[in-house]
Amino acid sequence: MKASCAPVVYLVDDDVLVLRAQARLLREHALETAAFESAEAFLAQHDASRPGCLVLDVNLPGLDGFALQRRLADIGSCRRIIFLTGHGDIPTSVQAIKAGAVDFLAKPVAGGILLAAVHAALAEDALARQASSADALLRQRAASLTAREREVLLRLAAGKLNKQIADDMCISVATVKFHRARLMERMRAHTIAELMRFAARLELLSAGEAAATPYRALRT
Amino acid sequence: MSVTRSPEHVPPSRAARPSGALLSLLVLWLLAFRAPATAATPHNVLVANSHRLLLPANGDSLQVDWRQLQRWGISEGAVPADASVHFWKTTLWESHRNEVLIGIAVMLLQAGLIFDLLIHRRRRQRTVTALARSEEHMRLAAKVADLSTWVFEDDNAEATGRARDRNGAEPAHQAIVDFRDTLVSIAPSDRAAVTAALREARETSGEFEVEYRIEAPDGAWRWQSARGRADPVRPHRLLGVAIDITQRKRAEIQAEQDTAALYHMTRVSLLGQLSASIAHQLNQPLTSILANAEAAQKMLEREPLDVPELREICADIVAADHLAAQVIRRLGALFKRGKPLNERLDLNDVVRDTIELVRETLTTRHVTVVTQLAAALPPVSGDRVQLQQLLLNLALNASDAMAELPEDRRVLTIQTAAQDGAVQLCVADRGPGVPPEARERVFEPFWSTRPQGMGMGLAVCRSIAEVHQGSLTLGDAPGGGASFCAQLPVLMGQ
């Protein structure tokens with residue numbers, strides 16, 4: 001694995017002693033770390049495309065932990081965040097988790113707990129990255145479909161038979177079969193069930209995203 | 001001309017004569033001047049009127065028998081001036097004039113003396129009554145004020161004092177108490193002060209005042225205050241009063257304790273507001289220590305050992321531990337309920353220490369702290385904890401005042417400056433400020449703008465400033481907002 005592709009644990013804390021100690025601990029557990037003394041310093045050097053997670057102190061001078069979380073969300077980065085706090089209370093922890101934090105840990109945090117949280121965050125990040133790359137592929141394939149093929153896919157998803165589709169579209173069953181074969185090939189689906197799963201996935205994605213998704217286009 | 005014994009010649013001022021002695025002198029003087037004239041008169045008159053009598057003439061002058069004149073009722077005025085009177089029977093006055101005069105003079109003198117004595121007696125009686133009344137007043141006053149009078153004499157170095165009896169209820173008049181006995185009943189720690197005060201008053205013939213405790217027979221301690229001064233006539237004698245001030249002292253001690261309790265209570269409630277900050281300050285070093293130790297544990301499982309890294313870890317652990325200890329030390333003093341101290345303090349140092357305590361809280365509230373500390377600030381005298389409390393309170397108040405502002409405008413300025421004989425500590429915010437009519441009211445107890453506020457904060461702050469012989473005032477901050485300035489006098493001898 002290339003060094004640039006290895007996940008990085010970003011550490012942000014205004015206390016140098018804490019930063020140094022946590023970096024040491026994580027390094028000892030074979031994790032790459034990058035330490036920052038302020039949220040601003042982190043933002044300046046942050047590479048969203050790099051896999052990893054963020055261990056973030058809530059109470060920071062200047063931009064604080066929650067503000068950084070919002071800022072990251074604003075710039076579209078879904079960096080996984082583990083919050084650390086010296087004085088965690090229920091409202092702040094709820095706020096953090098609702099805003100999408102992986103975990104909310106109270107200082108002083110035992111190494112095992114921190115490591116578990118970091119590993120969980122990294123796994124989530126890896127999964128998300130994998131999923132998003134799969135989604136991207138799927139979207140790419142869906143975009144390569146012709147308008148006719150999309151119509152066929154839509155009707156297939158609605159559970160119609162070849163004959164019904166041919167009637168609907170005023171084409172021959174042979175043409176439907178031809179479109180269907182092309183469709184299967186383009187979407188790289190081996191069975192009709194797999195194709196349906198892809199279709200469902202595309203619909204799911206389109207539900208949470210902006211207007212011009214492939215499936216919307218499919219429906220029109 | 002004829003001069004006769006006539007009562008109207010006596011001076012009319014006789015009745016109003018002030019003293020018997022003077023009266024006697026006047027009488028003697030009168031007699032001395034009148035005597036020759038009255039003695040000469042009857043003879044001359046008789047001789048002048050003798051032509052009416054038919055006595056045989058002896059030579060060419062008329063001879064008159066005085067007895068016949070009396071018998072016939074002829075007045076002496078009728079006898080010719082040149083007639084000679086015979087058989088003139090002398091009166092007691094004429095024969096013993098001097099003796100009579102002396103007798104009268106002596107009687108007058110006695111009367112005068114008696115009169116004088118009566119007046120004196122009356123006057124003395126009046127004085128005695130007045131004295132008794134005044135003494136009664138004095139005794140009453142002494143009893144009401146629980147006070148006794150005493151005289152302290154130092155004869156041949158044998159010091160005795162006339163003082164109250166020890167249970168202090170009633171002044172023991174005229175009771176001579178050996179001063180050494182009195183001294184024994186004075187608390188040992190106060191004895192030196194009492195003897196020193198007495199000695200100094202005797203040596204300088206000045207006044208003195210000393211407070212001391214004495215042990216009552218029932219074993220209880222009572223406070224007394226003795227005031228006095230040297231007798232102007234006999235400088236080695238001291239006159240004075242002793243007052244039982246136990247009640248006053250008790251009230252003073254109670255008030256002192258109440259104030260300390262109030263300070264402590266408000267301080268603890270302040271620290272309650274800082275609890276999150278305090279937790280953070282303690283958890284930071286703990287986090288660092290734990291992570292370092294766990295990292296070291298992991299490293300120790302590997303071969304070869306990374307000794308330089310392990311050494312660094314140990315150094316970091318020590319540093320973090322020191323930080324935690326500092327936090328505890330700072331807090332410990334604030335939580336403790338000790339007697340206020342009077343130590344030499346650098347106000348800048350107090351400010352720096354206090355900001356560390358409150359920094360996390362201010363960070364959480366998005367308040368930026370700007371400190372402008374004067375270089376080479378002269379020292380002040382006071383209690384570190386109380387001054388920290390004052391600053392903490394002002395800083396938290398300022399941060400409260402800015403809670404509604406956008407985050408980038410929440411700036412708290414803490415400033416120290418030296419100003420002619422005083423050191424000034426100002427805490428300014430950029431909040432809405434305080435209207436002029438409310439400026440004095442903010443220092444009143446139970447005045448608060450916050451619904452859950454107790455309203456003691458600023459009252460306690462002002463009281464702390466005043467305990468330090470200083471003041472606390474409210475003014476306008478340069479950028480709008482309120483500025484609280486405490487003025488503390490510079491430590492003397494600097």
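Student: How many contacts beyond four places in sequence does the model have for residues 47-53 of chain B, where pLDDT stays under 50?

Tutor: For residues 47-53 of chain B the model has 35 such contacts, although pLDDT stays under 50 over that stretch. This is a predicted model, and where pLDDT is low, the predicted coordinates should not be read in detail.

Student: And what about residues 34-42 of chain B, how many contacts beyond four places in sequence there?

Tutor: Residues 34-42 of chain B have seven contacts beyond four places in sequence, and pLDDT stays under 50 there too.

Student: Where in chain B is confidence lowest, and where is it highest?

Tutor: Within chain B, confidence is lowest in strand 4, residues 158-162, with a mean of 43, and it is highest in helix 4, residues 97-144, at 93. The average pLDDT of chain B is 79, and 81% of its residues score at least 70.

Student: What ipTM and pTM does the predictor give the complex?

Tutor: The complex receives an ipTM of 0.70 and a pTM of 0.58 from the predictor.

Student: OK, switching to chain A. What does its secondary structure come to?

Tutor: Chain A comes to ten helices and five strands, and buried residues make up 34% of its 220 residues. Of the contacts in chain A with a separation of 6 or more, 58% are between residues 24 or more positions apart.

Student: What order do the strands of the open sheet in chain A have?

Tutor: The five strands of that open sheet have the order 2-1-3-4-5, with parallel pairing. Strand 2 (32-36) and strand 5 of chain A each have a single partner strand, so they stand at the edges and one side of each is left without a neighbour in the sheet. On average, neighbouring strands of this sheet are turned by 20° against each other, direction ignored.

Student: Which residue is the bridge partner of D57(A) in strand 4 of chain A?

Tutor: The bridge partner of D57(A) is L84(A). Strand 3, residues 52-57, and strand 4, residues 80-85, of chain A pair in the parallel sense over five bridges.

Student: Which strands does helix 1 of chain A lie across?

Tutor: Helix 1 of chain A, residues 16-28, lies across strand 1 (8-12), strand 2 and strand 3 of chain A, and runs at about 170° to strand 2.

Student: Which residues have the most contacts inside the largest nonpolar core?

Tutor: Those are V55(A), L56(A), I82(A), F83(A) and V118(A), in a core of 46 residues. Helix 1 of chain A supplies the largest share of this core, with seven residues. Beyond its neighbours within four places in sequence, V55(A) is in contact with V9(A), Y10(A), L11(A), Q22(A), I82(A), L84(A) and V118(A). Apart from this core lies another, of 41 residues, among them L357(B), A395(B), A482(B) and L488(B).

Student: Last topic, the open sheet of five strands in chain B: what order and pairing does it have?

Tutor: Its order is 10-12-13-15-14, with mixed pairing. Strand 10 (368-372) and strand 14 (471-476) of chain B each have a single partner strand, so they stand at the edges and one side of each is left without a neighbour in the sheet. Strand 10 and strand 12 (residues 411-419) of chain B pair in the parallel sense over five bridges, and the bridge partner of V369(B) in strand 12 is L412(B).

Student: Which strands does helix 10 of chain B touch as it packs on the sheet?

Tutor: Helix 10 of chain B, residues 347-364, touches strand 10, strand 12 and strand 13 (422-428) of chain B, and its direction makes about 175° with that of strand 12. Helix 11 of chain B, residues 384-401, also packs on the sheet, where it touches strand 12, strand 13 and strand 15 (482-489) of chain B, and its direction makes about 30° with that of strand 13.

Notes
Residues are numbered from 1 along each chain as its sequence is written. Chains are lettered from A and ligands numbered from 1 in the order in which they are written. This is a predicted model: local features need pLDDT of at least 70, side-chain atom pairs count only at pLDDT 80 or more; totals for chains, interfaces and linings use all residues. pLDDT is the predictor's confidence in each residue, from 0 to 100. Helices (H or I, at least four residues) and strands (E, at least two) are DSSP runs, numbered from the N terminus. Two residues are in contact if their C-beta atoms, placed from the backbone, lie within 7 Å. Two strands pair if DSSP finds at least two bridges between them. Axes are lines fitted to C-alpha atoms, for helices over the stretch in contact, and angles run from 0 to 180 degrees between N-to-C directions. A residue is buried if 20 or more other C-beta atoms lie within 10 Å of its own, exposed if 12 or fewer, and partly exposed in between; C-beta atoms are placed from the backbone. A nonpolar core is a set of buried Ala, Val, Leu, Ile, Met, Phe, Trp, Tyr and Cys residues joined through C-beta atoms within 7 Å.
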